[in-house]
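Here's a quick tour of one protein chain, a few spots at a time. Have the sequence and the 3D view open as you read.

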Amino acid sequence: MRLPLLVLLVATFALAAPKKKKVVVPPKSAANIATEVAIKKTLDGAEEKVGGCVLENAGPAAFTLVVKAKIALNSAGQLMGTTLTTTPESPASEKTKKCIDDVLQALTWPKSAAPMVNAEREWTFSTESK
């Protein structure tokens, strides 16, 4: 007799529990999509210069280096911050990051309707031994 009563109590509390609210993500506006595309195009266009930074600070041995950049842009298209990581880290990593930061600072970024826009890009560079 106690088991059915316990099941009934658990079921009652389960039904009385607050419902989880569904998170509704509003669709992106055409302006936001256009800004994202423009930022991606700008980052894609910087690949050669970023690669130059990597090669400039690389040693003679074969290597593979992954560069990750996270950027923050304000509505005026000004680069407000960068976070750069290289994998694997090496003694030349700081020089490489400084060079890449200089490249990103020199780019012309699109203006945006949003007050702040964040973007990420990853590049992989490698050389083979001769």
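## Thr42 on helix α2

Keep in mind that this is a predicted model. Start with Thr42, which sits in helix α2, the stretch covering residues 30–45. Is Thr42 buried or exposed? Its relative accessibility is 17%, so Thr42 counts as buried, since the cut-off for buried is under 20%.

Which residues does Thr42 touch, leaving aside those up to four places away in sequence? The contacts are Leu107, Thr108, Trp109 and Pro110.

## Helix α4

Next up is helix α4, which runs over residues 93–106.

The buried residues of α4 are Ser93, Thr96, Lys97, Cys99, Ile100, Asp101, Val103 and Leu104. As a rule, an α-helix has 3.6 residues a turn, so residues three or four places apart point the same way. The cover over the buried residues of α4 includes α2, α3 (47–56), β1 (63–74) and β2 (79–87).

## The largest pocket

Now for the largest pocket, with a volume of about 170 Å³. It is lined by 14 residues, and the closest to its centre are Asn57, Ala58, Phe63, Leu65 and Ser90.

Where does the lining come from? β1 and α4 each give at least two residues, and β1 has the largest share, with three. By class, the lining holds seven nonpolar and seven polar residues, with no charged ones.

Note on methods. Residues are numbered from 1 along each chain as its sequence is written. This is a predicted model: local features need pLDDT of at least 70, side-chain atom pairs count only at pLDDT 80 or more; totals for chains, interfaces and linings use all residues. Side-chain values use heavy atoms; hydrogens and water are left out. Helices (H or I, at least four residues) and strands (E, at least two) are DSSP runs, numbered from the N terminus. Buried means under 20% relative accessible area, exposed over 50%, partly exposed in between (1.4 Å probe, protein chains only). Contact means heavy atoms within 4.5 Å. The expected span of a helix is 1.5 Å times one less than its number of residues. On a 1 Å grid over the protein atoms alone, a cavity is a set of points where a 1.4 Å probe fits but cannot get out, and a pocket is an open set with protein on both sides within 12 Å along at least five of seven lines; lining residues have an atom within 4 Å of a point. Grid points are joined across faces, edges and corners, and a volume is the space filled by probe spheres set on the points. Ala, Val, Leu, Ile, Met, Phe, Trp, Tyr, Cys and Pro count as nonpolar, Asp, Glu, Lys and Arg as charged, and the others, Gly among them, as polar.
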